[in-house]
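I opened this entry to keep track of what I looked up, step by step. The structure comes before the notes.

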Amino acid sequence: MDATTGGARSASAEDLRTAMVERLRGSGFLSERVATAMLEVPRHAYVPEVEPAAAYAPFEAVVIKRSAEGAALSSASAPWVVARMLHQALPAPGARVLEVGAGTGYNAALLAELVGPTGSVTTIDHDPEVVDRARRALAGHGRVAVVHGDGAYGYAPHAPYDMITVTAGAYDVHRAWVEQLAPGGRIVVPLQCLPWHMTVAFEREDDGVLRSVDTATAGFIPLAGAGAPTGGTACIGLEEPLLRLHDAKADGAALRDALEYPPVLRWTEVVVEDEPGWNHLYLWLMAEIGDQGLCKFNLTPRGQEERAARVPMEWGGLAVHCGGSFAYLTNRAAASDATAGSPLELAFIAHGSESGELADRLVALVRRWNDGPRFRPRPRIEAHPAGTPDDCLGGRVVLDRPDHRITVVADGPV
Ligand SMILES: C[S@@+](CC[C@H](N)C(=O)[O-])C[C@H]1O[C@@H](n2cnc3c(N)ncnc32)[C@H](O)[C@@H]1O
């Protein structure tokens, strides 16, 4: 089917598309130009394996390829994530754009709408099957080149780019992206290995440092190839791992039996209303704790089975470890008549030999955030070239990667 027209299904698909855009408008971050592009591009034509209703579900990704173990390898990201990242990127008409992670080609088609007839989009994917599929879906789109390769190296033949958008989770801001960026350009990248995945819009300043101009919270399929994850995880669980802390510094041996201690639950009486609030809190905790124990965790399949019984936690999220104890952030509806998206009160659940002390310390920290810092500007993420000495960084290091040292700086300018 020709993806540029949407084929025979376009009548009902058009209603679904309009409804999707209306839902996204309610989220408050749908730029008008992005809304126009989303109304124009027939998303269902890029994911013909699902019904149009599933293609236009605003908060659902459509997975198009999985590994033998069932892990998602390629997908059309959920429309709200696509809209949020395009809002961060917002390429001007005439811009030259590189997208890393072609996937279905849907986002490349939206980018082509945004840059218009005088702009160009290069989209790269490392998976030859995915490249073929995206080329077929985008056939007839003169403004989009679909190329095969490892996006961690960018795509030098079409550089420089005014905007580089990465649609797979990255563990570094790869040097090639910075080298291929035009002066005044922007890189939008989902950074992983932070307590939660964050899509960060960076601009490069005259001192060579990339500074975030916007951050949002969203999860992504990780980059494969040269940008694939490195670093350790600590497994917790006596007979078999029930959860993993994603931090090479976590002491797996000391933490192994932490779950055998009864959980300690401490409510904070601090309420978070919305995604910007969560994002602010995560950034501030990063600025306070940095890589000294702050990490993300997830349950193993066995842990998921035991969730109700021995592991009373959500599927994954923000955790803090210290010696033989760890704690994770949880929440409950702040009001009895709450509906989805209502304000949530924060709490910590801690396990281990020092669980009470750790939970108390974290509750005090969140209360401190609530007493003032949460009303100040959102902390900023910076990426400094590898080798930058500590005393030139400013802010606390949260990721020390081969190409960049990534820091979080609180109390930025108003
Ligand atoms: C979430 S999907 C991208 C969604 C896509 N932008 C769309 O609109 O459908 C992530 C993609 O990144 C690709 N990918 C993973 N590692 C990569 C790498 N090193 N270089 C280029 N692409 C990569 C995967 O094959 C997958 O297609």
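I began with Arg378 and left aside its neighbours within four places in sequence. I found Arg378 in contact with Asp214, Thr215, Pro276, Asn279, His280 and Leu283. I note here that the model is predicted.

A polar atom of the Arg378 side chain lies 2.6 Å from the backbone oxygen of Thr215.

Where does Arg378 sit? I placed Arg378 in the loop between H11 and strand S17 (380-385).

Arg378 and Leu210 are 168 residues apart along the chain, and their C-alpha atoms are separated by 16 Å.

**Helix H11**

H11 covers residues 355-370, which is 16 residues. I tested its length. At 1.5 Å a residue H11 should span 22 Å, and its end C-alpha atoms are 23 Å apart, so the two agree.

Which residues of H11 are buried? I listed Ser355, Gly356, Leu358, Ala359, Leu362, Val363, Leu365, Val366 and Trp369. The spacing made me recall a general point. An α-helix has 3.6 residues a turn, so residues three or four places apart point the same way.

Then I asked what covers the buried residues of H11. The cover includes helix H9 (275-289) and strand S12 (264-272). It also includes strands S14 (316-322), S15 (325-333) and S16 (344-352).

**The ligand**

I moved on to the ligand. How many residues surround the ligand? I got 24, and the closest are Ser74, Thr104, Asp125, Gly151 and Ala224.

I sorted that shell by class. It has twelve polar, nine nonpolar and three charged residues.

I then sorted the shell by element. Strand S2 (72-76), helix H5 (106-115) and strand S4 (120-125) each supply at least two residues. S2 gives the largest share, four residues.

Polar backbone atoms came next. One from Gly151 is 2.8 Å from a nitrogen atom of the ligand. One from Gly101 is 2.9 Å from a nitrogen atom of the ligand.

Last, I looked at the ligand's area. Taken alone, the ligand exposes 610 Å², and the protein buries 98% of that.

Notes:
Residues are numbered from 1 along each chain as its sequence is written. This is a predicted model: local features need pLDDT of at least 70, side-chain atom pairs count only at pLDDT 80 or more; totals for chains, interfaces and linings use all residues. Side-chain values use heavy atoms; hydrogens and water are left out. A residue is near a molecule or strand if one of its heavy atoms lies within 4 Å of it. A polar contact is a pair of N or O atoms within 3.5 Å; within protein, one must be able to donate a hydrogen and the other to accept it, and residues adjacent in sequence count only if both atoms are side-chain atoms. Accessible areas come from the Shrake-Rupley method with a 1.4 Å probe; for residues, only the protein chains shown count as cover. Ala, Val, Leu, Ile, Met, Phe, Trp, Tyr, Cys and Pro count as nonpolar, Asp, Glu, Lys and Arg as charged, and the others, Gly among them, as polar. The expected span of a helix is 1.5 Å times one less than its number of residues. Buried means under 20% relative accessible area, exposed over 50%, partly exposed in between (1.4 Å probe, protein chains only). Contact means heavy atoms within 4.5 Å.
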